[in-house]
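This briefing covers a two-chain model, taken topic by topic. Please read it with the structure open.

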Amino acid sequence: MKDYQGVVMTTPVSLGYQRQSPHGASWFIGMVLRELILRAGVSKTDVEGLAVSSFSLGVDSVVSLTQQFGLSPRWIEQADMGGVSGIVALRRAARAVQAGEAEMIACIGGDGAAHRSFEHTAANFSSWSIDAAFPYGAGGPNAIFSLITARYMKEFGATREDFARICLDQRYNANHYAQALLGHKTLSLDDYLNARPIAGPLHLFDCVMPCAGGEGFLLMTEDRARHLGLPYVQILATDELHNSFSEDPVQQRAGWACYRDALYQRAGLGPDNIDMLQTYDDYPVISMMQIEDLGFCDKGDGARFVQETDMRFDGSGKPANKLPHNTCGGQLSCGQAGSAAGYLGLTEALRQLTHSARSNQVATARTCLVSGYGMVNYDRGLCSAAAILQGADS
Amino acid sequence: MNLKEKMKRRLKLNRPSLRARARPPKQRTALGQQFTAANLPVSLSMQVCTACEHHQYPPAELCGHCLGDTLLYREVDTAGQLLSRSELHHSLWEFFKRRIRTKPWPIGSVKLRNGPVVIGHLGEDTLQTGDDVAVFSHSDASQASVLIIVSAATPIATPTQREHIVAALCLEQPAEKQGGI
């Protein structure tokens, strides 16, 4: 696979996080676009490409948005792929910039959260889900992930205390990130263990809170970013794989296990050289799966790894091994803003690597691995994606 | 009262939580409705590919193995192994919300000997991961076929035997609102 030389990511934007909102998806996407243009100091006509991800555009698409926003882009893309939408949009857009199809592309994920809209999304997620998953208790993703979590716990001996390590450290990170919807609350091990049960081994703090919000960034040529004076981040390597290991009866791994060696090789790095990790944390077991499949530990060893690793952004935890993880609190503490949640890891990595995060800034952050996971078509998440990013000053 | 107010009021009164009788999700795709129809006369029926013998579940237009337009419903073996189980303490659907008030709702996933992985209601609370189980279909209170998981030893050959298990789950009765509407 060709490298991404000459293409950079800039201008991370996260905005509008709310538990419920009267606004639709186009409000969040448009507000992010406006913010991107303002912060980059460019005009609307400079944005030659637009990649958009959303679950709640309804009858509209990225095409409708071009007219609503008064844009005439020569390159558009719609990546409605939930937890991988950010990385997939990044991959498509980076190649387009490299090929000269567009010099500057805005990648934006945004979703509203109208009253009872989550119920609607869950009940109508896919034809297989409608026919063969939702009728069984109508638990939505909680039901499917409780089955995956229960099996993982039984097979590898992971406990709720192990999952708590992920949730607690992320909440600590969220306590230092202003936009996190749950960032004003602390979370103790007792709070976590005594939370009300939701589904099987999943309790309240294992589940993300659906919310509204928008996330986005700009992709452009390195020359353009320099000219505009924007701090930027380089893309060392990326990959994606869908419906991998489809023969596994219950999901315990996904695409990362197939391509991680090639990914690290292209980046010229190994797991040891990764300063910071942003995983897709719709449930803690999925973060643990990513930690394993991305080579930070062996399969089934995730529980031991999180017990022995301090995942706080400032390294203030007890364990000696440090790996800042989901440094803004992830979805578990920020809320899951539909498809924007698939951009959260990327925008957070951008803030960290350009040293523009505020009170949750990781002191020495040069390389970051961002991974995405998503789309429970029936009994498992089908999509996996990963990107290794590097701050330009290293 | 003008039309707008009338519609608003009707919408408010028609909230699922206010309905006298709540039923399980009725929505199915056209393929799901065919699954229901094919399962009415037998204990378990699934699409089987006449070209490659692939058992297709959830129902699909084409065979997931050979992509042939060669799927036909056949009565199939009910045997499988329980992959995972869980109890729902929370649901997005009023029928299950009312059921969960008395007891968490048990679900499980099964690897059928014929190949497919199915999700179903657990007919017996004692089932554990790894157990040999049987899966049969039955109509629920919304007249849609759903799958029920029981232990391999449970007799499910006759409609009456299956009826008893479904009755114990309260799947055939709508969930009534207590205390009037």
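In which helix of chain B is B:Arg162 found? B:Arg162 lies in helix H4 of chain B, which runs over residues 159–168. The model is a predicted one. The points below begin with this residue and go on to the folds, the domains, the helix pairs and the contact between the chains.

**B:Arg162 and its surroundings**

- B:Arg162 is buried, because 20 other C-beta atoms lie within 10 Å and the cut-off for a buried residue is 20 or more.
- Leaving aside residues up to four places away in sequence, B:Arg162 touches B:Ser43, B:Phe136, B:His138 and B:Ile156.
- B:Ser45 is 117 residues from B:Arg162 along the chain, and the C-alpha atoms of the two are separated by 15 Å.

**Helix H3 of chain B**

- Helix H3 of chain B covers residues 94–102, and its buried residues are B:Glu94, B:Phe95, B:Phe96, B:Arg98 and B:Arg99.

**Domains of chain B**

- Chain B is assigned domain 1, residues 28–76, and domain 2, residues 77–181.
- Taken over C-alpha atoms, the centres of domain 1 and domain 2 of chain B are separated by 21 Å.
- In the contact between them, 9 residues of domain 1 of chain B meet 13 residues of domain 2 of chain B.
- On the domain 1 side of this contact in chain B, helix H2 (residues 30–39) gives the most, with 3 residues.
- That side of domain 1 of chain B has 4 nonpolar, 4 polar and 1 charged residues.

**Overall form of chain A**

- Chain A has 14 helices and 13 strands.
- The radius of gyration of chain A is 19 Å, close to the 21 Å that the globule rule gives for 394 residues, so chain A is as compact as a globular protein of that length.
- The C-alpha trace of chain A spans about 55 × 45 × 40 Å along its principal axes.
- Of the 394 residues in chain A, 61% are buried.
- When contacts in chain A between residues at least 6 apart in sequence are considered, 77% join residues at least 24 apart.

**Domains of chain A**

- Both domains of chain A are assigned in two segments: domain 1 is 7–116 + 212–232, and domain 2 is 140–206 + 233–391.
- The centres of domain 1 and domain 2 of chain A, taken over C-alpha atoms, are separated by 24 Å.
- Domain 1 of chain A puts 35 residues into the contact, and domain 2 of chain A puts in 36 residues.
- On the domain 1 side in chain A, the elements that give two or more residues are strand S1 (7–18), H3, strand S4 (104–111) and strand S7 (212–221).
- This side of domain 1 of chain A divides into 17 nonpolar, 13 polar and 5 charged residues.

**Helix pairs in chain A**

- Helix H3 (residues 85–98) and helix H14 (residues 341–353) of chain A have axes that come within 6 Å and cross at roughly 65°. H3(A) and H14(A) are therefore roughly perpendicular to each other.
- In this pair, A:Ser85, A:Gly86, A:Ile87 and A:Leu90 of H3(A) make the contact with A:Gly342, A:Tyr343, A:Gly345 and A:Leu346 of H14(A). The residues of the contact of H3(A) with H14(A) comprise 4 nonpolar, 4 polar and no charged.
- Helix H7 (residues 160–174) and helix H11 (residues 284–293) of chain A have axes that come within 9 Å and cross at roughly 95°. H7(A) and H11(A) are therefore roughly perpendicular to each other.
- A:Phe163, A:Ile166 and A:Cys167 of H7(A) meet A:Pro284, A:Val285, A:Ser287 and A:Met288 of H11(A). The contact of H7(A) with H11(A) has 6 nonpolar residues, 1 polar and no charged.

**Contact between the chains**

- Chain B gives 34 residues to the contact and chain A gives 31 residues.
- On the chain B side, H2, S5, S6 and strand S7 (117–122) of chain B are the elements that give two or more residues.
- S5(B) gives the largest share of that side, 6 residues.
- The side of chain B that touches chain A comprises 18 nonpolar, 12 polar and 4 charged residues.

Note on methods: Residues numbered from 1 in each chain as written. Chains lettered and ligands numbered in written order. Predicted model: local features only at pLDDT ≥ 70, side-chain atom pairs only at ≥ 80, totals over all residues. Domains from an automatic or database assignment. Contact = placed C-beta atoms within 7 Å. Helix = DSSP H or I, 4+ residues; strand = E, 2+ residues; numbered from the N terminus. Nonpolar A, V, L, I, M, F, W, Y, C, P; charged D, E, K, R; others polar. Axes fitted to C-alpha atoms, helices over the stretch in contact; angles between N-to-C directions. Parallel < 35°, antiparallel > 145°, perpendicular 65-115°, else oblique. Rg over C-alpha atoms; globule rule 2.2 N^0.38 Å. Buried ≥ 20, exposed ≤ 12 C-beta atoms within 10 Å, placed from the backbone.
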